[in-house]
Every structure is written in C-alpha cells, then in structure tokens.
Amino acid sequence: MKILLVSNQACNPNVVGNPILHRMKMSLSNDRRVDAVDFVRFRSRKPFKSLREISHEARQHDIVHVHFGGIYSLLVRFFLIGSKCHKLITFHGTDIHAKAIKTTKSRIRRAKIRVNQWASFACIRWYEAVGFVSDEMRNYVPSRLLRKHENRMFAQPLGVDYQLFTPISQKQAREQLGIGDGHQVLFSDVHNSSVKRRDIAEQIVSQLGEGYHLLVMCGVKPDQVPVWINACDFVLLTSDEEGSPNIIRESLALNKRVFSVDVGDARRQIEGLHNSAIISRIPKEAAHQICQSLSDTYTDNSRETHRDIIDFDIINRHIVDRYERMMGD
C-alpha cells in the first residue's frame, strides 16, 4: 500500500509550528502494511505547479490523504477527478469551526476565513472519507450536511511520538534550558498569537502567589518541546479557540498536570484525571482552582493510562485499518 500525504503546511522535523505531519509520516512508515509514505506540500504562491505535482504523484499511490481543509483542499480534489486512488481528508480545527473570525479585525482576513470554511464543507461532499481531529468539530458542520454524510466521517485524534516525548528529571530539563528555581508554569504560544490569550495566563499566574513564573514557549523547535514540558511544574492553556490542542497530549505523555479553559476537546482529553482540571477564564477563580488541585499529591500516570489514545503509533494503526477497508471496497 502506497500512501501520499498532502498538506498546505510543511512536513519537516525542523519546522517550528506544526511538526505533526512529519511525525505522522514517520509513524505510518513503521506499519508493515505500508510500502511507502510520501508527502507533497501545496504552495499557495505556486498553486498550479503544486496541483500538477499532486496530480502526478497521486497516480503512483493507492491512497491520497489530504490534511487541513479550505480552498486548497477543494482544488486538490478537483484536480484528482478521474484518478483511481482513494481520497480522504482530515480537518484540524479552524478549517471547520472558523472561530478566528471573532478575533481578527481585518475584513479581508474574515472573508478569507469564511470562504475557507465553506470550501471545507464542500470537501465533505467530495471526499470518500472525512476525518476530524476531535469529535467536537462535527458540531460545527451544518446539520443537513452532517446527517447526509455522517457514515463517511471518522475521528482521527492527533498523537504523540513516545520516543521523542520521554520523561526526564525536572532538574535536568531546567539545566538544559538555563532555568532557575521556583514554580514554572508552561504556556505554549508558538506564533505569539492573541488567540492564545497570554494576558489571561499572566493574570492567573500573578494570582498564584510568590514563586510562580510564566514560562512562555514560543518559537521552539519541535525536538525541544519535551524539554520545556519536563522543566515545568504544570501546563496552562487559556486560548479563545482550539481544535484539539497538541500541548495537552504532549504534557500527558510526560506525566504533567494540565489546567485548561474549556476550549476545543480539552475537557475530553483530561477526562478521568485527578490532577488536571478544566478551569475558569476568570483569573482569580482559575488560580483558586489550580491551588486546590496542587494541594493534592500527583497520582495520575497519564503516560500509561492514556497511551492507547495518544501514542501516534497506536493511533495510526487505526488509520491504516481504514486505508485497507477503503481499498477493499
């Protein structure tokens, strides 16, 4: 079985921002049922050249799996008309819920977000199978469209590379980063985006008391992320919008507490844990909730208890199962 992954984002281990596609490619390659996994990136500055390349590569593969929706993914589908390969798409968040409209001030940007959302809805009709990184994302699909195509939809949660995300001592991690003593609260803000609401995180930490510091992880290479997580006391998430935040899975794989506002599938990810919690968006209330939780000894072993739902290798076995079923139809 030959698989072609397509995305408008890079698939490179050194790219800061979204290393998921690289990890997915490596994980799929480890499955014995897969003969080859290749990747083609759609470049918006060279759209027709990219589409021709994708069309050419598709003829040499059994499965074409497109990631992220929008206009580009709709164009890819049209360019693959007549191709014998099986075609599926996975949506990752904003491409479906389009919540960024609420926070952007640019009319052009708002229009672009809305058009990409409509294009994503159109893709649901055109692709053979439709994945969502969290079940919650289906709530943003128009009900008529959902009812008509629900039998082709599936959940594809994103995973964690357990070989890369390995626990090390907090002392060792802090020495690597040159971080001193005190309680370090990790806040992931890869692109320094206002959507992440660093202002709320800062207010929460200021309410926790003396000795607590906000450790902002911004512009960090993917292979250094585990070091930052290992160095902290707990992880704080205060975003206005998320699809399925990777930082939660990555933290749980390293046995770290997570305190998150109710956004995306955060509630589902930490469900059943004793030492992590959904917190208020009001800083004073959130700080009180965190202090109450921190007073309890850590007992969760989320790295093991959640492995079946966050280990990339295990998750991708189910995806390959789906590929096999599509080829058998």
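What follows is a set of questions and answers on a predicted model.

Mentor: In this predicted model, local features need pLDDT of at least 70 and side-chain atom pairs count only at pLDDT 80 or more, while totals for chains, interfaces and linings use all residues. Residues are numbered from 1 along each chain as its sequence is written, and side-chain values use heavy atoms, with hydrogens and water left out.

Trainee: Which residues of E4 lie on each side?

Mentor: His86, Leu88 and Thr90 are on one side, and Lys87, Ile89 and Phe91 are on the other. These residues are all buried, so both faces of E4 are covered.

Trainee: How do you know that E4 pairs with strand E3?

Mentor: Two strands pair if DSSP finds at least two bridges between them. E3 (residues 63-67) and E4 are joined by 5 bridges, so they count as a pair. They run parallel, and Val66 stands opposite Ile89 in E4.

Trainee: How does the chain get from E3 to E4, and why is the crossover called right-handed?

Mentor: The chain crosses through helix H3 (residues 71-79), a β-α-β crossover. It is called right-handed because, with the strands pointing away from the viewer, the path from the first strand over the helix to the second runs clockwise.

Trainee: Which strand pairs with E4 over 4 bridges?

Mentor: That is strand E5 (residues 129-132), and the pairing is in the parallel sense. Thr90 stands opposite Gly131 in E5.

Trainee: What is listed about Arg77, and why is it said to have no salt bridge?

Mentor: Arg77 is found in helix H3 and is buried. A salt bridge is a side-chain nitrogen of Lys or Arg within 4 Å of a carboxyl oxygen of Asp or Glu. Lys and Arg count as positive and Asp and Glu as negative; His and the chain ends are not counted. The nearest side chain of opposite charge, Glu128, is 6.1 Å away, so Arg77 has no salt bridge.

Trainee: What lies 2.9 Å from a polar atom of the Arg77 side chain?

Mentor: The backbone oxygen of Trp126 does. Contact means heavy atoms within 4.5 Å. Leaving aside neighbours within four places in sequence, Arg77 is in contact with Lys87, Trp126 and Tyr127.

Trainee: What makes the phi of Phe68 worth a note?

Mentor: Most residues other than glycine have a negative phi. Phe68 is not a glycine, yet its phi is positive, about 80 degrees. Phe68 is found in the loop between E3 and H3.

Trainee: Why is Phe68 called buried?

Mentor: Its relative accessibility is 11%, so Phe68 counts as buried.

Trainee: Where does Arg197 lie, and why is it called partly exposed?

Mentor: Arg197 lies in the loop between strand E7 (183-188) and helix H8 (198-208). Arg197 counts as partly exposed because its relative accessibility is 23%. Arg197 also has a positive phi, about 60 degrees, although it is not a glycine.

Trainee: What makes E8 and E11 edge strands?

Mentor: An open sheet of 5 strands has the order E8-E7-E9-E10-E11, with parallel pairing. Strand E8 (212-217) and strand E11 (277-278) are its edge strands, as each pairs on one side only.

Trainee: How do you know that Asp233 and Arg174 form a salt bridge?

Mentor: Their closest N and O atoms are 2.9 Å apart, so the pair meets the rule. Asp233 is in the loop between helix H9 (225-231) and strand E9 (234-237), and Arg174 is in helix H7 (residues 170-177), 59 residues apart. At 25% relative accessibility, Asp233 counts as partly exposed, whereas Arg174 is buried at 8%.

Trainee: How many salt bridges does the rule give?

Mentor: The count comes to 14 salt bridges. One of them joins Arg33 and Asp31 at 2.9 Å, N to O. Asp31 is buried at 13% relative accessibility, and Arg33 is partly exposed at 27%.

Conventions: Buried means under 20% relative accessible area, exposed over 50%, partly exposed in between (1.4 Å probe, protein chains only). Helices (H or I, at least four residues) and strands (E, at least two) are DSSP runs, numbered from the N terminus. A polar contact is a pair of N or O atoms within 3.5 Å; within protein, one must be able to donate a hydrogen and the other to accept it, and residues adjacent in sequence count only if both atoms are side-chain atoms.
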